[in-house]
Amino acid sequence: MDFAVADRLQFAFTIMFHYLFPIGTMGLAPFIAWWVVKAWRTGDAHADRAAMFWTKIFSVNFAAGVVTGIPMEFQFGTNWAPFSAKTGSVIGQPLAMEGVYAFFLESVFLGILLAGRRRVSPALYAASAIAVWLGSWLSGFFIVATDAWMQHPVGYALGPHGTIELKSLAAVLLSPFAWWQYLHVMTAAILAGALILTGTGAWYLLDRREGEYARRFLRIGLIVGLVASLAVIFPTGDRNSADVTKYQPVKLAAMEGLFHSEQHAALAIIGMPDTRHQELIDPIFVPSILSYLAYGNFDANVKGLSAYARTEWPPVELTYYAYHVMVGLGTIFVALMLLGVFLLRQGSLFRARWFLWALLLATPFPYVANEAGWVVTEVGRQPWIVYGLIRTTDAASTNVAAGETIFTLIGFLGMYFLIGALFLLLTLREIGIGPSGGHGASSTYEASPAEADA
Amino acid sequence: MSLLGFIVVAAMLTMYVLTDGYDLGVASVAPLVTRSGRERAAAMESIGPFWSGNEVWLVAAGGVLFALFPKAYACAFSGFYLPFMLVLWLLMFRGIALELRNHFTNDIWRDFWDAAFSLSSLLLIVLFGVAIGNLIRGVPLDADGYFTGTFAFLLNPYALGVALLAVTTLAQHGLMFLMMRIDGPPAERARRTALRLWPALVALYLLVTIATFAVQPRIFDRGIAGIVLVPILALAALAITRREILHGRALRAFLGSSAFIAMLLIAAAATMYPYLLLAYPAGTGGLTIDAAKPSALALATIIPIILAGLLIVVVYTSFVVRRMEGKIVLSVEGRSP
């Protein structure tokens, strides 16, 4: 096997697995902060318990995120040494800032949330919940800024020996490409958080327990979820696509499965791309819509894949399917949230068991949509690692053989299986205990001596 | 500027060793100082809330090394691919083991994961020790600064000696932490174990120091400070640690042990400067900070940002520790039978 292929496989696996946990932390942090602040301002005991309950689940996500994040922090060096040596001047900056500004903020104040409830003032406790939220979202920003630079490099100058040197950190961090991508990623994370809440609430109501909490989770989850599901599409998703259209037109063609340049380009709702015959198999088209979506004009000419050399194409099938899975799920989420808010206003939501089932079963799908979105972004960026500047094949470590990478990939598979199983066990156990259980215990660790005594 | 960068990286790695060092140490010594499942549970709980936060120092140091010395980041981690992956796996595995033992109460289950936790932590210390030993001794490098040796090369007697010193040092560090955080018989056993360990630690330190003079003559370039002052300060820190253990002042003993660790790492960093990777055999150069740094503009941009960020971290961390401190003692007392 080509060593760069092995490196890509390993990176894809480790980053996709890692990203499952930031979805949970970034998506749940604002809800936790909301409940902690509400409990502080109004003395609402249910809000207080809801915050404690989700903080425990947050902490499981956080620990799994740290553990699977350590390889990410070093993998640029281990498997992508030429890339790191050439671009470290630029992308080292946001990565260092993430370490110093975001990680500590999140971990130190999570310590207070977990173990400090009876030790610090309610005001400091509330501030800690906000700090944890801020930390997790800052972390997301620095990572997205790094990725956005690889998609659309700005603020750099070419240095000696093919290195890329920083010219302006402000240009890197304030790049509009980065900000729209960031807002898209964050609204998608909130949507995931909202669906975790509604899924859990639905489960409790179906199970006929934790009624008060279940109704709260459903109410806030549906309202926030509706806003987020709309914001994921417009303006954030729309602006993101506009940037892709402008700066990465080949990626756009692959996402849409558009093989030939067309005026009045049709939007493919479904269909399977056939790269040999350069057409979609069994497609359903909506005429002229793609031209409109890409350029705001039904007559616009959209360039197809055949307008570019094959060596410039990303892997078409993966990009196409990931994009369609993301967009399809995004549309379903809007419908689900609309229906949920309608039932909520009508007052029949909590009795509509069929709809609670739908919410319960929907819980894993924001994860699928989030991951699919990243696949579009990263696979669609190929064959470049830094768009237009460095090819992925020139970026992998030449001193690490494919065999070594495959060996460690197998190791990661085993290790991550354990982490995944543990994560599910702990999360489901907390959900099993429920927000009104675990009386008086303010953290997993404070709870365990009692267990040991028992 | 690049000297400042070198100091920042060294300081962050030192913070990593000081913080994750005590939880690695507690894990390694837990089988020695605990007799019952309950005592072991208390030992594990004392580090339960902290280990993942401590590992943040390592992750943050990785990001900072990437920004300040991208070439060294690329060379070191791709060069030491396999050992480095072993470190990553052990870091993950011990986290998994600790969480698994904490969340389920079956005895056999706990015995297994406790053993796994202690063993993986011990191995990690050995690997970190081997790494530091090789960084000081130097490794075969090609013209670009990439490692060209084998795994077997890294397991040389000097590096293994440093590993043994690392195990003993962090064992003491963990014992001091235990004395500070738990009470009852395990705390007393930790005290006695530390006193018994102390002569071995002094002897190992002296042996490794003498061996360092032999394998890395660069240390003589540091003059009196390198040859006399640092060892005297390190031994003084050890002496203070012993005195505080005898007086039963756990916090001070922990600080003494921390000072000793800091001296060891300062000595290692001073020996290496201005190299980030020393070549083997000694005296054949290596990868210098100037060869590994990015453009002057990049360095001038990020260093103030990192320093300001670390200052903010120190401010809020010390604030949080003060707020949390008083009552941690209460909850520790509340735990006694």
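What is the mean pLDDT of chain B, and what share of its residues reach 70 or more? In this predicted model, the mean is 86, and 96% of the residues of chain B reach that level. Here pLDDT is the predictor's confidence in each residue, from 0 to 100. The model scores ipTM 0.87 and pTM 0.91.

Local features need pLDDT of at least 70 and side-chain atom pairs 80 or more, whereas totals for chains, interfaces and linings use all residues; side-chain values use heavy atoms, without hydrogens and water. Residues are numbered from 1 along each chain as its sequence is written, with chains lettered from A and ligands numbered from 1 in the order in which they are written.

Over residues 326-337 of chain B the pLDDT is below 50. Beyond near neighbours in sequence, this stretch has 15 contacts in the model (heavy atoms within 4.5 Å). Helices are DSSP runs of H or I, at least four residues, numbered from the N terminus.

α8(B) packs with helix α9 (residues 185-215) of chain B; their axes come within 8 Å and cross at roughly 150 degrees. Axes are lines fitted to C-alpha atoms over the stretch in contact, and angles run from 0 to 180 degrees between N-to-C directions. The two helices are therefore roughly antiparallel (over 145 degrees).

In chain A, helix α13 (residues 402-433) has 32 residues and reaches 46 Å from its first C-alpha to its last. G434(A) follows α13(A), with a positive phi near 85 degrees.

Definitions and conventions:
Parallel < 35°, antiparallel > 145°, perpendicular 65-115°, else oblique. Expected span 1.5 Å × (residues − 1).
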